[in-house]
Amino acid sequence: MLQDKITQYTQEIEAFAPNSAHDVEAFRLKFLVSKGVVKSLFEEFKTVSSEEKRVLGKVLNEFKQLAENKFKEASEQFNNAADSGQNKSEGDLTLPGEGFQVGSRHPLSLVRKEIVEIFKKLGFIVAEGNEIEDDWHNFSALNFAPEHPARDMQDTFFVKKQDGNDVVLRTHTSSVQVRLMENGQPPFRAIMPGRVYRNEAISARAHCFFHQVEGLYVDEEVSFADLKQTLYHFVKELYGEDTKVRFRPSYFPFTEPSAEMDISCSICKGAGCQMCKQSGWVEILGCGMVDPNVLENCGIDSKKYSGYAFGMGIERITNLKYEIRDLRLFSENDVRFLSQFETEII
């Protein structure tokens with residue numbers, strides 16, 4: 001019966017005489033944690049009859065107070081003893097201090113900074129925007145059709161879904177490009193780093209959030225040749241002069257023509273490995289000429305101006321640069337992993 005259990009545990013608490021702080025912690029773990037004795041007795045109390053509840057309610061509350069007071073009294077006893085011991089001997093104050101451990105920059109932060117510095121030298125500014133976006137800036141202005149699969153629940157985290165006025169966690173930083181073009185006049189030359197969100201299963205190769213750097217250049221007479229030379233320079237600066245580059249035709253709603261850009265695998269040097277799926281090539285970004293519809297949606301005359309855009313995942317770039325094979329390591333906060341990367345003073 002519940003009454004018998006309360007009586008038994010009451011006697012145990014009253015007889016409790018700790019000899020160390022370890023005994024006090026053991027008492028807490030037995031009686032006061034979420035799965036301890038006090039909690040279990042209150043759960044059992046819910047199952048007794050109404051008549052028994054009137055009798056046992058007060059008894060159970062008194063038992064709980066007894067356990068808490070006993071723990072508080074024992075804790076203070078050993079805390080006071082520890083303080084007293086410290087006051088008796090302060091040690092040799094002439095000895096050097098213990099020092100402190102210097103932290104390190106996160107690998108994604110290191111690579112993002114390096115990417116930003118490369119494009120800054122080419123005249124690109126840094127633009128940032130909201131992580132929560134409306135449908136227009138995240139999809140419609142970028143030429144996504146209403147039935148485009150990227151709008152599905154399988155791909156997008158919807159904050160609010162309401163007849164074309166959806167609010168979402170941004171799926172790319174292209175929304176920053178739209179806001180930049182809406183609020184200014186060409187020429188534009190900017191990169192947009194930031195966190196984005198996709199409704200994907202978490203694995204060694206994918207996550208529900210990741211980081212992007214997108215770029216935009218809009219001016220008169222901008223061509224695909226300008227795009228290629230910009231990206232050639234970027235790859236050589238980041239991975240070295242010996243890195244090979246290739247472009248493959250692709251499709252994106254917001255660029256036309258569009259391409260995927262691959263580089264020779266920096267891990268196997270093009271020989272073939274697990275990272276490049278034995279092909280010797282790794283895709284690092286998508287790019288293309290800004291679709292005229294996107295320019296017009298943002299109030300820019302597509303007959304006068306043209307531009308290019310590109311976007312890359314910072315995690316993918318970091319994987320190749322540091323030979324990291326599991327995407328989950330970036331967000332697990334494992335000090336053993338993070339401490340491997342060089343500390344920089346910013």
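Visitor: What makes β7 and β8 count as paired strands?

Guide: In this predicted model, strand β7 (residues 245–252) and β8 share 7 bridges in the antiparallel sense. Pairing requires at least two bridges, so the two strands qualify. One of the bridges links S250 to S258 in β8. A hairpin of 2 residues connects β7 to β8.

Visitor: Which strand does β8 join through 8 bridges?

Guide: That strand is β9 (residues 281–290), which runs antiparallel to β8. S258 has G288 as its bridge partner in β9, and S258 is also the partner of S250.

Visitor: How do you know that β8 is mostly covered?

Guide: Of the 10 residues in β8 (residues 255–264), 8 are buried. Buried here means under 20% relative accessible area.

Visitor: Why is C265 called buried?

Guide: C265 has a relative accessible area of 2%. The cut-off is under 20%, so C265 is buried.

Visitor: And why is C208 called partly exposed?

Guide: The relative accessibility of C208 is 21%. Buried requires under 20% and exposed requires over 50%, so C208 falls in between and counts as partly exposed.

Visitor: How many disulfides does a search of the whole structure find?

Guide: The search finds 0 disulfides. To count, a pair of cysteine sulfur atoms would have to lie within 2.5 Å.

Visitor: Which residues of α5 and α10 meet?

Guide: On the α5 side they are P107, L108, L110, V111, R112, E114 and I115. On the α10 side they are I314, E315, I317, T318, K321 and Y322.

Visitor: What makes β2 and β3 edge strands?

Guide: The open sheet has 3 strands in the order β2-β4-β3, with antiparallel pairing. β2 (132–134) and β3 (158–160) each pair on one side only, and they are the edge strands. From one strand to the next, the twist averages 35 degrees.

Visitor: How do you know that β2 pairs with β4?

Guide: β2 and strand β4 (residues 167–169) have 3 bridges in the antiparallel sense. At least two are needed, so β2 and β4 pair. D134 stands opposite V167 in β4.

Terms used:
Residues numbered from 1 in each chain as written. Predicted model: local features only at pLDDT ≥ 70, side-chain atom pairs only at ≥ 80, totals over all residues. Heavy atoms only, no water. Buried < 20%, exposed > 50% of the residue type's maximum accessible area, 1.4 Å probe, protein only. Helix = DSSP H or I, 4+ residues; strand = E, 2+ residues; numbered from the N terminus. Axes fitted to C-alpha atoms, helices over the stretch in contact; angles between N-to-C directions. Contact = heavy atoms within 4.5 Å.
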